[in-house]
Amino acid sequence: MSSSNSQAPRTLAPATVISPLANNSVQETVVKPIRKRTNACEACKKRKTKCLGELPCDKCLQIGTECHFVEESDRRRKLALRRIEQELSSAYLLLDQIRVAYGKGNEIELERLINISKDKSPLAQRIEVQTQQKLQSLTSRSHALKEPQRSRSISSSSSMGSLDDIDTVDIDVNRDRQSRSTGFVGKGSEIAWLQRLHAEVGGLERPGTEQHVKHDKGSLASLNYHLDNLVIAEPSYSDLNAMPPKPWADQLLHTYFSFIHPTFPLLLKPLFYQQYENAFRNRLSAPQQSWLVIFNLVNAIGAKHFQLRQEHWDEDVDDRIFLSRAIALNAKHNTILDYVDLQQVQIRMLLALYYLVAGQINRSWQLIGCTARSAIALGLNLRNSDGNLDHDSKVLRSSLWWSIVYLEQILCTATGRTSCIDWNCCSITAHVLLKGDLLSESEAAGNLSTEAQEQELVFILYANDLQLQERTRYIQSVQPNSSLFSFYLTDLAVIGHAAIRSVYSLQSLSGTPSEKQHQISKYQKKLEEWLSSLKEYWSFTDSHGHYTKSMECREKILLAFSFYSIEIVLNRPCLTRPEFQKNSKVRRPRSRFDDDKALVCLQSALNMTSVLPDLPDLEWLCTMAPWWSIVHHLMQALVILLLQLCVGPVGASEHGEITGGGGAVGTAEEPEKILQVSKKCLRWLFSIGNRSYSARNAFITCDRLLRKIASVRRLDLSNLPASSNLADRTADNNLLPYYRGSFNPGYTRLPHLKSSNSSSHNHDDCWGADYTHPESATDEQESTPLTLDPALLEVYETLIENRSTSDIDVFEGDIEYPHGSY
């Protein structure tokens, strides 16, 4: 590089020497922080110059203008004010939620709200997070419903009726006759459990597919063991006023009032028997048509009991004759536009009861809903303070209402559907007599019960501690009688209604899992309180809570079946099959709560089965047990047992520790024990199936499923009856004529003479439901005389001539009933 292109270096100034004093002054200099401006004065805004935000600002001081700030334009202060307002609004909202939770006694919700208030983070933010979590939960459920193909947790979907499940209609119920006859079946029904069992068994038969078991949408109607798809054939008739022979009618009425009336006291027994005697004594003056309808329905139900009780039944006692006659006589009241009276409520209740006995569960449920609405229209659900109404008529109305409640609870459990009764609109209470029987034979002689002899008792569901103590003290002083027995049944039905609605309703899905568990625990506690309040005479459990057979009576057995049925339905959602852990064949454990309640459900099924004798005895069944719903109860227990056999013992998790799944000898989950009890249920269904079509269907379905489970689990099925050995009388080829055929018994009118020794009674002309005289009673009085049914008379005379000694008790004479019967 040439020198001409090079540049001389630039001379630097000498460094300044800083004295120690100056250094100290620099260190002590305080640098004034720069404030972040959030707002400018109005003058700086007009000049479009920077403003330091002070009052007055430096620019206004230099120029000498007025410095003015508009506070509303300060964004930071606006945001702070908005936050304060949100915090105040959220605080008010939280206080309202705490007040509501405290008023409802919801301890879990109250604890959650208090924990929110203790949190130091902003209150509005905490409440917003809680709200977003609930919205996300509801949104996820909505997406799950809209996209059924999306995979869901097996722990929830593996149990039809689990806590996270929801009722949906996945097929068109109106698509064909079979689907319409079955109708919608909720997840609380054993038919829905049977569908889940069918899917589980399919998973067992195809190893490796257990995690992906799916319901067969078309299988629900095919798994319905009831007979709703069949129409009961109506025999031809020519005389609607024809009456059966009196000895035969005596036996049918005796059967009804001995084995149905104590559980469903919907008729005033002394008055009805008096009307019955008047009908046969004076045939020239026929009773009211509504009474004849009730009379024929009572005979039809008695005939169904006779068919189930007798080993050899050649269709001589045909319930269809009485049913068709009752429907024809009541034809003008069959429209929904007609107003109803007390007798029409009784008629609809009897029809619902008949269809339940006949296996027509869907028809029965529809009728009981109509009956409940009709009863509410007459105010039967409300306390009656009419001083002009006699006491026995008030008792009848109360008994009729609670009979409707009890029957509806059975039907809602069987179908898995919700109740149509709003308990917030019921003010009627139950009465219990201090001594004697509610409707004893002495009342027919005129010694009717008085209000001074009875006491109103509060139901366990609504009783506080003080009321519970008073109730227990009074019950201990009451002798066992039919009014106390009816009260126990009603009390249990009220708990069952509330429990099913709380656990299985759509509203329960909006709560957290802990809230759902709280509801199950709450109603389980109510069941235990009901159990502890039982009179010792009717107590059916030992110190360990298991069923005991000491001193059996019919009332104790009926209470036991009702109790275990509700306990099974209440705890059924916890009997789940958890999912497999990821990339392994090890199942996740249940929570400790789910495992405990699953064992309660399983033990209840075992207890219900232990109520039955080891060997099937249909005479015992018809005289001691709830024969009108026995197939429903057997299927409840059997499906739970088969589900447990299919799923097997499951481990439980608590505080991070996993315990074994049980299944050891002597435990409720012992497979061999469950297998033996399942065989017992099938033997009972087989025995009843020889005389009942619905029991036959139930046996064939469950027998097929058990044999599939046994082939996979290697179970011993010895001593199990085969479906091929069922009696021919319930076979399909003999079933259709009963439900679809018709016959003409050739009724003819017989001459009738007025009885010469008939005496006058105070109520000879009364054919109503009670001792009141509604206006329609005289309008509906017919002048057509009653006739004897010659077809039934011919059958009766033939049986009288040819009967053996063992058959005498079937048609006439008194029958010895077990101790404790009313």
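## Rings, helices and loops

Colleague: How far from the ring centre of Trp365 is Arg417, which lies over its face?
Modeller: Arg417 lies over the face of Trp365. A charge sits over a ring if NZ of Lys or CZ of Arg is within 6 Å of the ring centre and within 35 degrees of the ring normal. For Arg417 and Trp365, the distance to the ring centre is 4.7 Å.

Colleague: What pLDDT do local features need in this predicted model?
Modeller: Residues are numbered from 1 along each chain as its sequence is written, and side-chain values use heavy atoms, with hydrogens and water left out. The model is predicted: totals for chains, interfaces and linings use all residues, side-chain atom pairs count only at pLDDT 80 or more, and local features need a pLDDT of at least 70.

Colleague: Which ring does the charged end of Lys246 sit over?
Modeller: The charged end of Lys246 is 5.9 Å from the centre of the ring in question. That ring belongs to Phe280.

Colleague: How many helices and strands does the chain have?
Modeller: Both are DSSP runs numbered from the N terminus: helices are H or I with at least four residues, strands E with at least two. By that count, the secondary structure comes to 31 helices and seven strands.

Colleague: What share of the 822 residues counts as buried?
Modeller: Buried means under 20% relative accessible area, exposed over 50%, and partly exposed in between (1.4 Å probe, protein chains only). Of the 822 residues, the buried share is 51%.

Colleague: Moving to the aromatics, how is the pair of Phe540 and Tyr564 classed?
Modeller: Rings of Phe, Tyr and Trp (its six-membered ring) pair if their centres lie within 6.5 Å; planes under 30 degrees apart count as stacked, over 60 as edge-to-face and the rest as tilted. The structure holds 27 aromatic pairs. In this one the ring centres are 5.7 Å apart and the planes are at 70°, so the pair is edge-to-face.

Colleague: Are Phe540 and Tyr564 buried or exposed?
Modeller: Phe540 is in the loop between helix H21 (513-532) and helix H22 (554-571), while Tyr564 is in helix H22, 24 residues apart. Both belong to one aromatic cluster whose members include Trp402, Phe459, Trp530 and Phe563. Phe540 and Tyr564 are both buried.

Colleague: And what is the relative accessible area of Trp628, the partner of Trp627?
Modeller: Trp627 and Trp628 form an edge-to-face pair, 6.1 Å centre to centre with 70° between the planes. Trp627 counts as buried at 6% relative accessibility. Trp628 is buried too, with a relative accessible area of 4%.

Colleague: How are H20 and H21 oriented to each other?
Modeller: Their axes, 10 Å apart, pack at about 175°. Axes are lines fitted to C-alpha atoms, for helices over the stretch in contact, with angles from 0 to 180 degrees between N-to-C directions. Angles under 35 degrees count as roughly parallel, over 145 as roughly antiparallel, 65 to 115 as roughly perpendicular and the rest as oblique. H20 and H21 are therefore roughly antiparallel.

Colleague: H21 also passes H22; in a left-handed or right-handed crossing?
Modeller: The axes of H21 and H22 come within 10 Å and cross at roughly 170°. A crossing is left-handed if the near helix is turned anticlockwise from the far one by less than a right angle, and right-handed if clockwise. The crossing of H21 and H22 is left-handed.

Colleague: How are H13 and H15 oriented?
Modeller: Helix H13 (residues 289-309) and helix H15 (residues 342-357) pack at about 20°, with axes 10 Å apart. That makes the two roughly parallel.

Colleague: Which residues does Val478 touch, not counting those up to four places away in sequence?
Modeller: Val478 lies in the loop between helix H19 (465-476) and helix H20 (482-504), and counts as buried at 2% relative accessibility. Contact means heavy atoms within 4.5 Å. The residues touched by Val478 are Val432, Leu433, Leu434, Leu484 and Lys535.

Colleague: Lastly, what is the relative accessible area of Lys48?
Modeller: Lys48 has a positive phi of about 60° although it is not a glycine. Its place is in the loop between helix H2 (42-47) and helix H3 (58-63). Lys48 is exposed, with a relative accessible area of 76%.
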